[in-house]
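Student: Please pick one part of this model and look at it closely. Then place that part within the rest of the chain.

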Amino acid sequence: MTVDDLVVYLDAYMDRVPSAPPAGLSALDVDHTDFVLVGHSHFDHLAGAEHIAKNTGARNIGSNETAHVMLDEGVPQEQLLRAQGGEHFRLSDTVTVRVYPNLHSCIWSTAAENPGEIAAGDYGLTEDERWPPGRRLMMPDGADSEGARVAMEHVESCTGSHETGGALAYLIETPEGSIFYHDTSGCWTRVIGDLHPDVAIIAMAGRPNVDGEPTQGSLTQFGGRVTELLKPQMLFLGHHDAWMPPRTRDMTTEEALAPVREELSRVAPGVRLANVDYLEGTRLLA
Ligand SMILES: [Zn+2]
């Protein structure tokens, strides 16, 4: 994201498995960045931030866990700004960012495979029930294919943490308007209900987490609920592409997004859902 001369990355992961469609840019090729805003510490958000920080001198805003991972990778302490929610950072003469606590999607629970599919159950469980011995995190059960093996090797090679570090949401405030950004499907409804950004970037993947419980419904309904709360003029979805086959599938096609558009027209009419390709320049604010 650019605002005048300011360049901000929203997460840093772009070097993916060969089976994923290429994003068109490598973290190693990034030659100018002022800040990287990291939503949480998992590899598919954080990996690449170490190269961007070391090659460009960019400062990294993220959790303590994110800072620890970056220190282990040799990023200087003075480039690491630690946040847990409640911070207000200046990014340039005219742009600031506020940090809020967010929730990570329920990776311990069953997720829908397409935006319109209803997922239910797993409500009210305690941590020992959410994480019974032997629960596998990264691959669906039975995914012992060559593709799954390559994906697991990729995960092992990536910079990141097995911990979320505490997921964060960001509100970037510019003279032209504000932009909400988070990178995992979860939220505290009472935290985001008063933000009213002009533009929202909402993650749509996995089993959404609303106020600490898995949603009883579809990804589409989660997107509608968050949009209803935020009331942006323009909406972008994130994390819904096929970023790591066979674990992920492509939910960016107009066909896959049809139920999302239908839900939005019902709960948040007037909000424009933008669907853009990798590296496609898009004006966020007039
Ligand atoms: Zn994650």
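Predicted model: local features only at pLDDT ≥ 70, side-chain atom pairs only at ≥ 80, totals over all residues.

Tutor: The expected span of a helix is 1.5 Å times one less than its number of residues. Helix 8 covers residues 254–267. It has 14 residues, and the distance from its first C-alpha to its last is 19 Å, close to the expected 20 Å.

Next comes the burial of the helix. The buried residues of helix 8 are L257, V260, E263 and L264. An α-helix has 3.6 residues a turn, so residues three or four places apart point the same way. The list of buried positions includes E263 as well as L257, V260 and L264. Among the elements that cover these buried residues are helix 7 (219–230) and strand 15 (272–274).

Going back from helix 8, the chain passes through a loop that connects it to strand 14 (234–238). P246 lies in this loop, and the peptide bond from P245 to P246 is cis, with omega near 5°. D241 belongs to the loop between strand 14 and helix 8 too. A residue is buried if 20 or more other C-beta atoms lie within 10 Å of its own. D241 has 20 such neighbours inside 10 Å, so it counts as buried. Apart from residues within four places in sequence, D241 is in contact with D250 and T252. D241 and V99 are 142 residues apart in sequence, and their C-alpha atoms are 25 Å apart in space.

Strand 11 is mostly covered, as five of its five residues are buried. In a regular strand the side chains alternate between the two faces of the sheet. From strand 11, V199, I201 and A203 point one way, while A200 and I202 point the other way; all are buried.

H196 is partly exposed, with 14 other C-beta atoms within 10 Å. The phi of H196 is near 45°, a positive value in a residue other than glycine. A further positive phi belongs to D211, where the value is near 55°. D211 sits in the loop between strand 12 (209–210) and strand 13 (213–214), and it counts as exposed, with 12 C-beta neighbours inside 10 Å.

Now the rest of the chain, for context. The secondary structure comes to eight helices and 15 strands. The radius of gyration is 18 Å, close to the 19 Å that the globule rule gives for 286 residues, so the chain is as compact as a globular protein of that length. The C-alpha trace spans about 45 × 45 × 35 Å along its principal axes. Of the 286 residues, 40% count as buried. Among contacts with a separation of 6 or more, 66% are between residues 24 or more positions apart.

In soluble globular proteins, nonpolar side chains tend to be buried together. Here the largest nonpolar core has 63 residues, and A12, V36, L37, I52 and Y170 have the most contacts inside it. Not counting residues up to four places away in sequence, Y170 touches L37, V97, V99 and Y181.

Elsewhere, an open sheet of five strands runs in the order 1-2-3-4-5, with mixed pairing. Strand 1 (2–3) and strand 5 (80–82) are at its edges, each with a single partner strand, so one side of each has no neighbour in the sheet. Strand 4 (residues 59–62) pairs with strand 5 in the parallel sense over three bridges, and I61 stands opposite L81 of strand 5. Helix 3 (residues 64–72) lies across strand 4 and strand 5, running at about 160° to strand 5. Between strand 4 and helix 3 is S63, a buried residue with 25 other C-beta atoms within 10 Å. Beyond four places in sequence, the contacts of S63 are H40, S41, A83, Q84, G165, G166 and L168.

Note on methods. Residues numbered from 1 in each chain as written. Pairing = 2+ DSSP bridges. Helix = DSSP H or I, 4+ residues; strand = E, 2+ residues; numbered from the N terminus. Contact = placed C-beta atoms within 7 Å. Axes fitted to C-alpha atoms, helices over the stretch in contact; angles between N-to-C directions. Rg over C-alpha atoms; globule rule 2.2 N^0.38 Å. Core = buried A, V, L, I, M, F, W, Y, C linked by C-beta atoms within 7 Å.
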